Every structure is written in C-alpha cells, then in structure tokens.
Amino acid sequence: MDTTGVDRHPTAESGTSESAGALPLELTRFIGRRRELALTRHALERARLVTLTGTGGVGKTRLALRMARELARAFEDGVRFIALADLRDPALLGHTVNTAVGIRETSARWQLDTLVEHLRDQQTLLVLDNCEHLVEETAGLVDALLRRCERLTVLATSRRALNIDGEAAVPVPPLSTPDPQRTLTQEAIAESEAVSLFVDRASAAVPGFVLTPETEVQVAELCRLLDGIPLAIQLAAVRLRVLPLPELLARMGDRYHLLTQGSRTAPARHQTLRASIDWTFDLCTPAERLLWSRLSVFQGGFGLDAAEAVACGGDMDRASVFDLVAGLVDKSILTRVMDSTEPRYHMLETIRQYGAERLESGESAALSRRHREWFVGLAEGADADWSGPRQVDWLQRLRREYANLRAALHSCLAEAPRSGMRLACSIENFWLARGFLSEARHWLGQLLAAAPEPTADRGRAVRLSAWMAILQSDYDMAAAHLEEAEHIARRTQDALLGVFVRQTWGLLAVFRGDLGFAAGRLEASVAEFAGLGHRTGEIHSTFEVGLALSFAGESARASEWHRRCQRVTSAVGESWWHSYSLWAYGVERWRQGDTAMAAELERESLRLKRGLDDRLGMGVCLEAMSWIAASDGEAERAAILLGAADALLRTVGMPLEGIPQLWAYHLKGEGDARRSVTERRFGSAYASGAALNPDIAVAWALNEITEAPGQVPEPDTDPLTRREREVSELVAEGLTNREIASRLVISVRTAEKHVDNIMSKLGVVNRTQIATLMTASPQASPTVSSHP
C-alpha cells in the first residue's frame, strides 16, 4: 500500500548493490505538503540535524523522501537513505549505516572511526527513517557523526525527537482539511490536501470516480472525520470498491464517534489512526484477521510459500492461504511487490505492528519458531543447491529475504543458537557475495557465545569465522578459530567438517604467502571434497589451487588447474567460482605475455560478475584489465580503469595491499602506465576513472559505451581548482600542512583536505610526487592570496 504522505518502509527488490542507500522511487503522486516542505528546507538551512516528528502513518517518510529528492543536487556527495524499521538489533545499526553509505568493513567489529573517516570530508545528506525504536542508539551515533563530520547533514523521521544538541524538530501534522466552520467552497475544496489525496486514491481504486457538488460535501466530511491522516484516507478510499460513498461516510462517522472516548493521555491523531485500522480490521473476515496477525512475524515482506508454511496451523490450512492473501491485498493490508520474480507481498510497518498486537495469547512463540525454522530451511536449501544453474536466483532470493534472515537469526540467538549456526553457515556464499563480512562475524560471535558446547554445528560456525577473519586480514584470530574447529572435528569425527578445516588452513596459507603448503593442502582438499560429494567445496578448492600455483610462478600447472575449474563449473552451470577462475586465468595469461587472451578472459569474467552483482569481483576484473591495457601501451585507458578499480575496491573494503602478489601486479601495471604518459595526463585519467559510477565503469571497460560520459577530462584540462594549484605549489616548495595553512590563512584541517584531494585527482600517493608533477608540468600559476 503506497500512499502519499504515509510512512512506508521501502524495500530494495532489485538485488543490486546500488539499491542499498538509494532513494526509493515515487510510485504515486505526491500531494500537498508545501508548508512542511518549506519548513523543512528552512530548518536544514540553519541546522545539520532535522527530525520530522509525528504519529505513525502521518507521512513523515514520504515527506523526507520528497525533501531529499529536491535537495539532492545541493549535496556534492549525494543522498543516502537508511531504513531502520526492520532493524531490531541495536548492535547492527552501525553496520546498516555502513552498508547504505557504501562501506564494506575490514575489521571484526563495527567501528565509529571507519564511518567517520568515510564521511569526514563528504558533503552528504543521510536520511534516517523510522528511528523511534532505536532512538537512543540513533541519537548517540548521529551526535558523534555531526561532531566529527563538519559537512554532514542528517534528516531523520521518528515518532519522537532525538533530543540532541543542534537538532531542529519539524512536526508533521495531518493533511489540511476544509474548515467545518466555514462555507464549503470550490476554493476550499481545491486547497484541501486531504480531499485531493482522497480523490486521487479513490480514482485509482474506482476508475471514473470524480467529485460532484453532492460528493464533494461527503468527501470533505469524510476527510475531517479521518483528521486528514494520509493512511486513514488511503484505507477509506479503497473501501469504495465495496461500499458507496454515503454508506462509507456513515460507517466511518459511527466508528470514530465510538472511539473518541479512548485514553485521555493518547494523542487524538493516534486514536484516529488506530480507529481507521480497527475499522479495516473489522471489515476483514475472521480468517483474514487471523492471517493478518500471523503475517506480522515477517520482516521486509514475504513470499506465498513462506506465508503458507509459517501462518498455517490450527483452523487455517495451506489451501486457504492464497485466497486469504488475495483478500488482504484487495483491502490494501498487503501490497504485491510488482518487480519480484515470484509472488511476494509487503506490509506497511504500521499495519504490521497492529497485526502483531492482535496475535492471540501464547501464539507469538509458536509463530517465531515456525518463522525461524522456515528460514533455516530456506538457507540450507540455498546452500545445498548453490553450485548449479540457480545460483543467481538464490542470490536474489536471499537478498530479498535479508530482513527475515536477520529476524530469524535474532530469534535463534534467543531460543535455538545451534539452528542459528546452521543458518549463518548455510548463507556463507551470500555473506561473501554481498560483502557483509563484519555482520557475519557479529552474528557468529553472538551465536558461539550462546552455545559453547563443542558440537559439529559449533565447529562449522568457528570454521566460517576463521574464513571471514582471513578475508579481513585478521590472521591470528583465524588461526585460533581453526585450532578450535580442528579439535571439534576430531572430537565429533565429522568428516566434512574436517575437510573444511584443512581447506581453510590452506586458504590462510595463500593469504600469508606460504604458497607451497597452500597448493598441496588445497589440492588434497579437492579430492577429499569430491569423495564426500561436496561440490561447492571441491570447486572452491580447485580455484584456490590454481591461484596459489599462479602466485608461486608455476604457470603451466596453474593454467591446468584454472582450465579444470572452468570445465567443472561449466558442466554444472556454476557462475561464482567460474567467474573468479576466468579472472585468475586472465591474470596468468597476462603474466605470460598473452594480452589478447587475457583481455578476453577478463571481459568474460566481468560480464558474469555484473550478473552476480559481485562488487569485489568487478573491482579485481577492472584492476586486471588496467594491467593489460598498460602492457598494450594504452596508458590513459589503464589509468581510467585503475582509478575505477581502486574506487570500487575501497568501497568493498578489501584493498589489494592485503594480498602481496596482487599488490605487486598492481604496482607493475601502474608503473608501466605512468612511464608512458606525463604525470598530469595519468592523474587526470585516474581521477576520471575514480569518479565513474561503477556500472558505467563496467560498461565502458566492456566497450559497451565508447566514452565515459562527462567524466574523462580533456588532456589539456587542469584537474585542480585554483586553490588546489596554490596548495600544490606550496607543497612543491617543501612547506608542511601547518605552514601552508598559515600562508593561506586557512585551517590546518582544510590544508590537509586540499592535499588529499590533490593526491586523488592526480593519482599520486605522496607529497614528493606532487612536487615532481608541479616541476614537470608547470602552469601559469595564479598569485597566492590571503583568502580561501
């Protein structure tokens, strides 16, 4: 149910990583709110934190989204939307914000400093939606960010203010309704936001509905009875499908008259909102009411199969669920998610909470159990079917169910930690694909603390914790985890766990550079996994053997193993490790001097990575393509690709510096490119690549577009601003940042920021390179002024 002015928690069903933090598209007309938009705009001009406050369903989210969309161009580094309605664990608040702003953490625990460093110099607007259930945690985080990120602005929505220094609270009232004390005129009708909204939604519910002299009086009265609350108006408009307007008005009038005698301490608008939902609840059949309340256990939407499995019980059977869901869709309790590839439904948070309150006594525990069992089973099914032709489908489904997976993990933590371990281990490949390494370690740490018994489930969870730690370069912790997992494998005599532990020791050796041990250990793992029929482990180990041998310089054996991996994956329709094998084989062919084949392999890998939305994979492909371009003498193309790759890998949070062999290749490719052009041309091209949208960068790398639109500067265009060139010249003179600040009468922090920007634009990494570039490519420098 998508209503103008109604709080809604948007879900990103597209499955792209860009959907995280992006402003949701408007699906219906935005009506009214000129006064509130003006007040909010004015508040944002004088305060860096503005909180839109009001009761549920009054339209805070829709107003915030419209305001953010109108102001987007004013924020140099964009707008990021962070929906908190589905977030139940306060410990995940920081991870959720990191994901929305594009950070992939590289440490085991969320750290404020990482987020501060990312946002410190950005002119960004963060929209934090539905903060009320995490108000203390949100207030603490926002206060810390605003104190340390001087260009950051926050627009929040909450049922109560955050109550921190510098906050400007803007109350969001109901929509305007005609004054009952005045004669109802055409002008009054036209000026009423509530009437305009009702007519718009009624026209959608009943094609052909229009205002007439008779109906306009009834609509105006109805909107007054609903107190102009957008959600109530939407629900009433939909009722025109089953009730004529006069009867609708009569029923609403009676109902609201009866409910005005509620708690004297409750806000009147809250009573009215509840009355509108009560009335809708009463219009439902007993079976629909029961299903509505049971569906409240889901977070972020659900599929029909999940509804059938979780909501059924007692006097409700599976056969009846489809018709009951259809009835709730018709009554706008549920909304069909139209861009989903399977039947999927979403419930507004306000509606969901109402349903939860209507659950019968003692039913919550059974529902929670069925919910977590369903999603544990879903995760295990995804794991069992991972290495096959449905891999992309599973990734998309797990992305859609992420809020439910979180809810199931939370339930498992309290009631069934071993089930939670199975769930977390079953979505190992999802954690990797999405780059949610820190969150995975968070859940694993909580679950392991809750169930210390040395079971096989614990062994698998500890082993997975070790793998995640390896990927984040936490090698000592990884070794400690592997020692425990090894002990559990021996104690339980679990053969598969034992193979996973031995494989992960091999993976640790790859990252630590012990390549001889790594290749031997991983090659043995291939045979062991094959003997146990574990295809995913076999394929992963096959890829890693080829990578270890390539790093060790054994080109012939490495090539043989890469080709073997591609044959195995092609035979079963697997894409994830197939694409990584293509990438690694392309790097190996480049090392051997066959740049034509290397380029083709990297393009093939990049196409697969784009389909999987694997941002890490896309980053390493762009990186390898830059090395190939440099070897072919295409220095500026190499610089653009290198800039795009570096930007993407920084976002993912796994820079190549952590893998010595890849970092050596990076330095060689960069050096080849720099030696072929002037520092200025390299820096300009690098900056152009770093500024590209990742999807545009991939399309350009694949030659699907011939130019990077609006990004690649002309060779004779100075990438530096006037002030940056002044700072560059002072750097070339040998001045420190403090001396530069004194010379230009600016703060030391501003001087540091200018130097950082210069390095990024010119593609250099230290002050000496800036000085060299200024000497090699002198410009007609402006006179240094005493004002910024």
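This is a predicted model: local features need pLDDT of at least 70, side-chain atom pairs count only at pLDDT 80 or more; totals for chains, interfaces and linings use all residues.
Me: Which residue of β4 is the bridge partner of V50?
Reply: The partner of V50 is L155. Strands β1 and β4 pair in the parallel sense, over five bridges.

Me: What is the order of the strands in the sheet?
Reply: The open sheet is formed by five strands, ordered β2-β3-β4-β1-β5, with parallel pairing. At its edges lie β2 (79-83) and β5, each of which pairs on one side only. On average, neighbouring strands are turned by 15° against each other, direction ignored.

Me: Which strands does helix α3 touch?
Reply: Helix α3, residues 93-101, packs on the sheet and touches β2 and β3 (125-129). The direction of α3 makes about 145° with that of β2.

Me: Changing topic: how many residues does α1 have?
Reply: Helix α1 covers residues 34-46 and has 13 residues. From first C-alpha to last it reaches 19 Å, close to the 18 Å expected at 1.5 Å a residue.

Me: And which residues of α1 are buried?
Reply: They are E36, L37, T40, A43 and L44. Viewed down the axis of α1, the buried residues fall within an arc of 130°, so they line one face of the helix.

Me: What covers those buried residues?
Reply: The cover includes β1 (49-53), α2 (60-71), β4 (153-158) and β5 (167-171).

Me: Which residues are exposed on the other side of α1?
Reply: There, R34, R35, E45 and R46 are exposed.

Conventions:
Residues are numbered from 1 along each chain as its sequence is written. Side-chain values use heavy atoms; hydrogens and water are left out. Helices (H or I, at least four residues) and strands (E, at least two) are DSSP runs, numbered from the N terminus. The expected span of a helix is 1.5 Å times one less than its number of residues. Buried means under 20% relative accessible area, exposed over 50%, partly exposed in between (1.4 Å probe, protein chains only). The arc is that of the directions from the helix axis to the C-beta atoms. Contact means heavy atoms within 4.5 Å. Two strands pair if DSSP finds at least two bridges between them. Axes are lines fitted to C-alpha atoms, for helices over the stretch in contact, and angles run from 0 to 180 degrees between N-to-C directions.
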